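Hi there,

Here is the structure I promised to pass on to you. Have a look at it first, and then read my notes below.

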Amino acid sequence: MEYFDNNPRPPSLDVHSETARTFIEQHASQGRRVALVTSGGTTVPLENQTVRFIDNFSAGTRGATSAEYFLESGYAVIFLHRQFSLLPYARHYSHSTNCFLDYMTFSSSGGVVIGDEYQHQMGDVLAKYKNAKQENTLLLLPFTTVNEYLWHLRDLAMSMQPLGPNSLFYLAAAVSDFFVPADRMVEHKIQSSEEFNSLHKPGEAGGAEPPAAHMEGKKLVIDLDPVPKFLKLLVDRWAPRSMIISFKLETDPSMLADKARYALKKYSHHLVIGNLLATRKYEVLLVSAGGEKWLRLPENRRSRSVTKLQDGVDGGDHEVIEIEAWIVPEIEKLHTQMIEKGDPRIRDG
Ligand code: PAZ
């Protein structure tokens, strides 16, 4: 594919590929299903020595939470995530709403211990985390840019091919639709002051065209190329025997179902999960060849807490449910059907 001829292979890929291959071989030999979960937003750098970049919205909550439920369901998980976004298990304690230090206190002897009120919840998370480590069922691979993401996705998909239908792609990352191709990227920081920006000339980035991001007078002009439709390639070429689940994020409720249906038709994969930015934590729309279904948490089971220290209860006495606890079993069921009865897309001709 032209994209990979023209955009540089990330230096981290060789080591990540090697680690992933070993991980996949281990789980293939144990007959375990492997899920590649992508998570977090990709960046689009404007300069090669990057000072400025465009980002995509995503905290990584969907990916990190789902990864935990896949692990609980017996999958091994390759967690391809935006560097410094939320991670499975650590997500409960790591982000800015709560500092992990808030969970700690001094014991009577002066040592540091977990506060009594957090012992139970933390012990639970710790046990699952330790189990994933011991069984080597969770592999964390970071990306930052959309280019790193695409190279990793292709490479991991090829490495997962020997797993056949025992492999699953859960594409929760928010991937940029536009990017700056390598031959239109300037090397150095774009100068905002007119005295210096006259140094930037058309063709400076090395290609025939002007740099994708450049100053015109006082204005920064950014002219991005479309990111190639990688989902088509994943479905048709890189992972033709895998179960593939994509996400569709919208902000306009009137568009969500149509866009999700359109994506399913266009890419012919297994499932599109539609979600709205404002309600993504408690409702999603599942669209597959078998039909459509909303998963909606009851009001009294949605997390209303602004801080994680209060997570677990909703202010009443109902336990909070994470919507991923409902999404992942739906997927597991579809995946089992596909493994046992064959790929519905192929049977239906
Ligand atoms: O990471 P998060 O929990 O804050 O958000 C999750 C999400 C909305 C990014 C994800 O559910 C999603 O829809 N990902 C695909 C986005 C897209 O490219 O359409």
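Let me start with the ligand. Strand β13 gives the most residues to the shell around the ligand, namely three. (Strands are DSSP runs of E with at least two residues, helices are runs of H or I with at least four, and both are numbered from the N terminus.) In total, 13 residues surround the ligand, and the closest are S58, T61, R62, F247 and L249; a residue is near the ligand if its C-beta atom, placed from the backbone, lies within 6 Å of it. The elements that give two or more residues to this shell are α3 (61-72) and β13 (243-250). By class, the shell has six nonpolar, four polar and three charged residues. Here Ala, Val, Leu, Ile, Met, Phe, Trp, Tyr, Cys and Pro count as nonpolar, Asp, Glu, Lys and Arg as charged, and the others, Gly among them, as polar.

Before you go further, please keep in mind that this is a predicted model: local features need pLDDT of at least 70, side-chain atom pairs count only at pLDDT 80 or more, and totals for chains, interfaces and linings use all residues. Residues are numbered from 1 along each chain as its sequence is written.

Now the protein chain as a whole. You will find 11 helices and 16 strands in it.

The domain assignment, which is automatic or from a database, gives domain 1 (2-180 + 224-344) and domain 2 (181-223). Their C-alpha centres lie 35 Å apart. The contact between them takes 13 residues from domain 1 and 14 residues from domain 2, where two residues are in contact if their C-beta atoms, placed from the backbone, lie within 7 Å.

Finally, the inside. Which residues does I78 contact, leaving aside its neighbours within four places in sequence? They are A20, F23, V34, L36, L139, L141 and L156.

Enjoy exploring!
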